[in-house]
Amino acid sequence: MEYLRNLGSAAVSTLVQKSGINLPFTLGLKVSSCETLWTLYDATKRDDGTPVSVFEYDLVHPLNKSTVPLARNALRKLRTIRHPDILKFMDVVESDSAIFIMTERVRSLQTALQAMPPRGPQEREEWLLWGLHRVSVALAFINDSASSTHGNVRPESIFITPSGEWKLGGFEILSNPRDDLAVLYTMGGLLPDAMSYASPEVKKSGWSVLKDGPIHAADSYALGLLLHATFNPTDPSPATVQPPHPPPQPSSRGAIPQSVFPSFRKLLNPNPKTRMSPKVFLDIGMAETVGEGSGFFSDNRLVKVCGGLDHFSLSSESEKGTLIRMLKDSASSFPPEFAAFRILPSLVSALEFGGASATNIVPLILQFGKNVPPDDCSRTVLMPLVKLYANPDRGMRMALLDNLPEYADKLEKKVFADQVWPHLQTGFSDTVAVIREATVRAMVLLSPKLNDRILNNDLLRHLARMQNDPEASIRTNTCILIGRLGPTLGYNTKRKVLVPAFSRALKDPFVHTRVAGLMAFMATSDCYDAEDIAGKVIPNVAGATLDKEKKVRDQAFKAVELFVKKLEAHAATMPETVFTEGEGTNTPESMPGSFSQTSIVSSATGAAGTLASWAITSIGRKLAPNDLQSTISSSAEPLVAVLSAASVAPTITSTSPGSPQLKGLQLGKNNANIDSIAAQVFIESSTEDNGSWANDTSHDYFADGDWGAFESAPPIVGPVPKPAVKPGIGFSPSNIGDWGSVLSPTSINNERRLSNPRSMTPQLESRGKRTSSIASSMVAFSPASSARSTPIPSPLPADSEKERTIKPISKEEKAAEMARRKEERRLRIEKLKEQKKNFAAAAES
């Protein structure tokens with residue numbers, strides 16, 4: 001075969017060199033050398049790569065000199081006669097040495113019959129009758145509409161397309177009796193083996209007798225012989241071809257269908273005037289009433305399907321429904337080539353240009369597309385479906401999305417990004433909820449086709465809006481989709497998106513959305529660092545353990561257990577301390593108040609007392625009371641009043657009076673120490689620039705509710721003011737990581753009492769606010785508030801005569817006092833540094 005291909009390429013190269021013509025095709029393999037003077041090649045159209053066939057006639061071959069008029073007549077007639085059942089002419093190249101006719105891709109009938117896969121008798125009979133029906137239609141058109149005689153009807157003149165359709169060719173002697181250039185009547189005998197398919201009158205009187213007889217006479221007789229040759233390819237010609245031309249006997253019927261045999265006999269009638277014409281043969285076969293000798297075409301399944309597809313747009317709804325049901329019921333029994341290249345293109349055309357229900361047609365397209373070879377699947381099935389995404393019809397979009405599992409894996413990434421995604425993303429904002437939900441569900445199947453830009457940017461923006469959708473099912477499916485996409489997101493995107501998205505789901509009023517949020521947290525557990533699990537994930541999940549729905553609570557406890565185990569596993573890999581030998585020499589092994597770093601308490605009350613005692617006595621160790629005696633005198637008494645009014649009795653009385661751990665809490669015995677501590681804290685806090693959160697530059701891109709803005713949000717430059725803490729605030733995506741904004745019940749009540757401005761004097765507002773806040777937070781210490789870095793002010797005594805008589809100071813006095821305190825603090829820090837330096841030097845020596 002490679003040798004034949006090289007011969008074809010060499011011939012084309014020679015032709016191009018001699019004539020300088022640019023061929024519109026590229027020759028491939030030689031298929032066959034037809035007995036009708038032509039050599040058939042497979043070829044490819046240059047401009048678009050379409051498969052075509054090329055018929056070559058060699059003008060310089062010595063044996064072809066007498067048949068050149070026949071070749072030119074075939075070219076002229078093929079170019080002018082157009083019909084769906086006639087070989088489709090596309091282009092021609094003529095030169096002094098050859099004629100190249102380019103047609104649609106075909107192969108000869110003999111080659112198709114030899115290569116036909118094994119089929120049942122019924123399927124073979126259906127296919128042959130369908131082919132003879134197409135040939136009869138073409139002959140009826142030539143005889144009646146074109147008023148011509150074909151004259152060369154034989155198996156070598158029939159060609160088969162990739163869809164299995166029969167096309168009539170072999171126009172070498174096709175002639176009109178009124179045409180001056182008619183070659184049938186003078187040169188009909190020049191065809192190879194011409195007398196084998198000639199009618200009795202031609203054999204008796206020559207080809208010229210056809211000019212005065214019925215125009216269909218020669219074609220009718222040849223059609224009968226073609227019918228016999230197709231159904232009985234191994235049998236000899238019927239006896240009627242030899243004089244005295246007896247009629248065919250039933251015993252010689254062979255595989256010819258019983259219903260066709262009466263018409264077969266009439267086609268072989270020796271008398272040309274009473275011989276059945278192709279038109280009559282076609283009418284009998286298409287009769288509506290199926291009986292003996294009629295209706296053999298109209299009852300054929302393939303004929304029905306082709307007729308229904310050809311007139312689909314003009315059919316009524318009932319006729320369309322009948323055809324669709326027939327296609328569904330018989331899909332597996334159609335010849336593969338017929339289903340892939342005849343039915344499928346017609347269905348796509350009907351869907352693309354309207355007149356068909358997408359709900360019924362799209363499943364059929366995918367069903368018949370399974371028979372398409374893999375090389376042609378993209379061109380025949382996928383590309384038509386991809387184009388349909390541009391159709392704004394909602395029924396079309398729903399049909400495409402519902403059947404997405406059938407073709408999603410066959411889509412290429414580039415095709416999806418360039419041709420599908422621009423239209424598909426409009427479904428996220430559609431006004432119909434069904435379209436929005438189908439679009440969200442479709443992204444699960446299409447996720448492997450997403451590039452980085454779509455996955456980490458465009459899609460997340462749409463999903464951020466989908467989490468606020470009015471439909472609960474859409475919010476639930478959106479949360480599930482984000483959980484499925486989580487492992488494929490970029491590292492930074494995971495940290496910015498997952499926790500806020502799932503935390504929002506945990507606050508959804510729909511119970512299944514909350515369950516989906518918990519399951520999404522668990523499904524993406526490998527996407528979080530240990531710090532994120534401890535600081536963001538568990539605080540959000542823990543709130544769901546008190547959900548009103550048991551289903552949510554059970555799932556929340558499972559999630560907490562999962563993440564706690566992860567933290568335990570990570571903590572087991574951490575060192576016991578960050579200090580190495582020689583470091584931290586100023587840090588005592590045991591803290592004051594008998595609080596040890598290695599001790600573990602098992603009760604909440606014990607933890608509260610131990611932590612409070614440790615906090616106060618440790619600060620007292622660091623700050624000497626005499627250092628702050630001069631500055632604390634003005635505020636010591638109000639502070640003692642505040643502390644005495646605070647509700648610290650439960651914390652103190654829960655431990656025995658003799659316990660050494662609570663000596664620091666006995667306010668009546670050690671007021672100076674407490675005053676010194678509070679004043680020292682007040683001085684240190686006064687020297688800060690507007691508080692520790694004033695200069696915090698951290699910013700949560702998702703605090704505005706649209707966490708999809710993470711890709712385009714500009715960087716935050718400069719300080720970001722800390723928002724006011726409101727009672728009842730809990731965990732949310734906007735405050736994850738801001739533990740100071742999480743309030744305990746004690747601090748919430750304190751803040752409510754502080755909301756009354758009449759409970760505080762101007763002097764306490766300016767000088768004692770931060771001191772009282774620190775003191776109350778240390779006294780009313782509990783495990784729930786121990787981790788907070790931002791203290792909440794404690795309530796002040798409502799009736800304090802001393803507070804009402806304190807004389808306010810002027811701005812100048814206040815500024816001088818603050819400057820003096822800063823200087824004292826600076827000197828004290830230098831002194832401490834010097835002591836530490838001396839201690840280190842002594843230790844080294």
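Predicted model: local features only at pLDDT ≥ 70, side-chain atom pairs only at ≥ 80, totals over all residues.
## Strand E5 and its partners

Strand E5, which spans residues 98-104, has seven of its seven residues buried, so the strand is largely enclosed by the rest of the structure. Two pairings involving E5 are described here, one with strand E3 and one with strand E4. Strand E3, made up of residues 51-58, pairs with E5 in the antiparallel sense over seven bridges, and within this part of the model Val52 stands opposite Glu104 of E5.

Strand E4, covering residues 89-94, also runs antiparallel to E5, and the two pair over five bridges. Glu94 has Ile99 in E5 as its bridge partner, and E4 and E5 together form a hairpin in which three residues lie between the two strands.

## Packing of helices H15 and H17

Helix H15 (residues 394-402) packs with helix H17 (residues 433-446) at an angle of about 30°, and the axes of the two helices are 10 Å apart. Because angles under 35 degrees count as roughly parallel, this angle makes H15 roughly parallel to H17. The crossing of the two helices, H15 and H17, is left-handed.

On the H15 side the contact is made by Arg394, Met398 and Leu401, while H17 contributes Val434, Ile435, Ala438, Thr439 and Ala442. Sorted by class, the residues in the contact of H15 with H17 comprise six nonpolar, one polar and one charged.

Methods:
Residues numbered from 1 in each chain as written. Heavy atoms only, no water. Buried < 20%, exposed > 50% of the residue type's maximum accessible area, 1.4 Å probe, protein only. Helix = DSSP H or I, 4+ residues; strand = E, 2+ residues; numbered from the N terminus. Pairing = 2+ DSSP bridges. Axes fitted to C-alpha atoms, helices over the stretch in contact; angles between N-to-C directions. Parallel < 35°, antiparallel > 145°, perpendicular 65-115°, else oblique. Left-handed = near helix turned anticlockwise from the far one by under 90°. Contact = heavy atoms within 4.5 Å. Nonpolar A, V, L, I, M, F, W, Y, C, P; charged D, E, K, R; others polar.
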